[in-house]
Amino acid sequence: MMLYALKNTGCQIYEFKTDSILYKPRKRKRPDLFRLSFKDLHTIREMYEPAIKKTGRLDQCCEMVEIISDDPVFRVEPAKAEDMMRSNGNMPQRKSTVAPEITPLTYIERTQVDGELVVIQGGSLFVQGIAGTGKSLYCSKLVERLRAAGVRVDACAKTHTASARLPDGCTLDHWVQRHVLNGAPSCQVLYLDEISQIDVGLLALLARLTYTPMRFILAGDFNQFSPIGSCWKGTPIDDEAFQRSALLHRMCDGNVVNLTECRRADNVLFEFYSSLIDGGRLFEIPVARAAAEAWEIFKFEGTARWNLVISHAKRVQLDWTLNLLHSRGKEVTKLVITGHDVRGNAAQTMLIWPGIQLLGH
Amino acid sequence: MLYTVKTIEDEQVWLVELAKPLSFDQVKSCLRLSFAQTYASIQGNEYDEPLRLHDCAHRFFSRKHLFVGLSRSKQGAFVSLVD
């Protein structure tokens, strides 16, 4: 009613609140709201929009019922300075300067036997240690023992290379697609190897499982490669983010087994590469100097069966050179790749013979 | 995963690890030479045979490349590094 009256008298509205309106009336046409009583409400339209003579209204057959009361409908008072609505148009700001308290994550370091017991008794575990200390071997034995006890265990790793070495393993992307995004996990324990390579997208999906009864066996070494292109909504994620995260702590219930004994390489090799990590004597020096030192120690001169390179372009080039070298004196079959298939890091022309080892991709 | 060629006959390749033979087209599309691999793809592997680390002077060669590369081998006597 008030808005109707103000609109028809051309008033300028300054503030519109739940229980009041601040307005400026026009000089010649005032709304006179203070004169309006309840008994006038059913005829208010006649007051502000009188009907033209000899015409009817569309709603003339459904007139409003009269309210028999002389009480005024509105209170009208001149505005004061304190009537103005108080508001702060600035952006919200945090007034407190106290830094939030972050409780440091504490891990319980367990022996190998203790760690095994923790898992057998229904806990989770993180097995860490630098390369060649037997993490995968330790976890594989643990998985075998759990499976023998009737516990359903799934084994996954980020890459095909790592997952191929796991007992009945598959890639983590495959497992997540099947059991998280398009289904529900049927296992009771999830064994994740090479956890340093898991990107944040997969971790976000795995984080859901930490609110279920599922248990985890994690193995990995954060000194090795981190995930390629790990980013969250366009923001790159720090390589050490997962290592420091509460998610890792929650996944392993704070139980850690730290393996330090070399089980793969000989002592010279192990001592050298273990000195490259944080705390080692070669950690602080530039990588070029560390590589030069390695160059002096490791001097195999024959033809290497395995060659590691940075780029795929060099891999393709080196593969072909060594393919020709190793094919000498053998009865070979040439598989020629032409056209679009040659591009990028896909297939390449190769000579094959009985006994050659090829890589599935 | 590595596959070893057992025999090649009638445009079919028999592999030790598979019960059925692969056609030449399948071999070309699914298998590749294994003499050289990228550093990024070998994490999780270990090698008994001679291993050579290339690109040691490459601008993208890092401490992690050196660490992962060296730690794949079982014997220091079978390792070498080149530019």
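1. The loop of chain A that runs between β7 (189–193) and α7 (200–209) holds E194(A), where helices (H or I, at least four residues) and strands (E, at least two) are DSSP runs numbered from the N terminus. The model is a predicted one, in which local features need pLDDT of at least 70 and side-chain atom pairs count only at pLDDT 80 or more, while totals for chains, interfaces and linings use all residues. Residues are numbered from 1 along each chain as its sequence is written, and chains are lettered from A and ligands numbered from 1 in the order in which they are written. The phi of E194(A) is near 50°, a positive value in a residue other than glycine. E194(A) counts as buried because it has 26 C-beta neighbours inside 10 Å; a residue is buried if 20 or more other C-beta atoms lie within 10 Å of its own, exposed if 12 or fewer, and partly exposed in between, with C-beta atoms placed from the backbone.

2. A positive phi is also found in chain B, at D10(B), which has a value of about 50° although it is not a glycine. D10(B) lies in the loop between β1 and β2 (12–15) of chain B, and D10(B) is exposed, with 6 other C-beta atoms within 10 Å.

3. Chain A as a whole has a secondary structure of 12 helices and 15 strands. Its radius of gyration, taken over C-alpha atoms, is 39 Å, whereas a compact globule of 361 residues would have one near 21 Å, by a rule of 2.2 Å times the number of residues to the power 0.38. The C-alpha trace of chain A spans about 115 × 60 × 50 Å along its principal axes, and buried residues make up 26% of the 361 residues in the chain. Of the contacts in chain A between residues at least 6 apart in sequence, 66% join residues at least 24 apart, a contact being a pair of residues whose C-beta atoms, placed from the backbone, lie within 7 Å.

4. Between the two chains, 63 residues of chain A are in contact with 59 residues of chain B. The elements that give two or more residues to the chain A side include α10 (267–274), α11 (287–297), β12 (306–309), α12 (312–326) and β15 (357–360), and α12(A) gives the most, with seven residues. By class, this side of chain A has 37 nonpolar, 16 polar and 10 charged residues, where Ala, Val, Leu, Ile, Met, Phe, Trp, Tyr, Cys and Pro count as nonpolar, Asp, Glu, Lys and Arg as charged, and the others, Gly among them, as polar.

5. Strands also pair across the two chains, in the sense that DSSP finds at least two bridges between them. β12(A) and β6(B) pair in the parallel sense over three bridges, and the bridge partner of N307(A) in β6(B) is R52(B). β15(A) is joined by three bridges to β1(B) (residues 2–9), running antiparallel, with Q357(A) opposite T4(B). β15(A) also pairs with β4(B) (residues 31–33) in the antiparallel sense over three bridges, and here G360(A) stands opposite L31(B).

6. The axes of α11(A) and α2(B) come within 9 Å and cross at roughly 25°, the axes being lines fitted to C-alpha atoms, for helices over the stretch in contact, with angles that run from 0 to 180 degrees between N-to-C directions. The two helices are therefore roughly parallel to each other, since angles under 35 degrees count as roughly parallel, over 145 as roughly antiparallel, 65 to 115 as roughly perpendicular and the rest as oblique. V287(A), A290(A), A291(A) and A294(A) in α11(A) meet R63(B), L66(B) and L70(B) in α2(B), a contact with six nonpolar, no polar and one charged residues.

7. Seven of the eight residues of α2(B) are buried, so this helix is largely enclosed by the rest of the structure. Its buried residues include K64(B), H65(B), L66(B) and F67(B), and what covers the buried residues includes α10, α11 and β12 of chain A together with β6 and β7 (79–81) of chain B.

8. C56(B) lies in the loop of chain B between β6 (51–53) and α2 (63–70), and C56(B) counts as buried because it has 21 C-beta neighbours inside 10 Å. Leaving aside residues up to four places away in sequence, C56(B) touches A291(A), F61(B), L81(B), V82(B) and D83(B). C56(B) and L66(B) are 10 residues apart in sequence and 7.9 Å apart in space, C-alpha to C-alpha.
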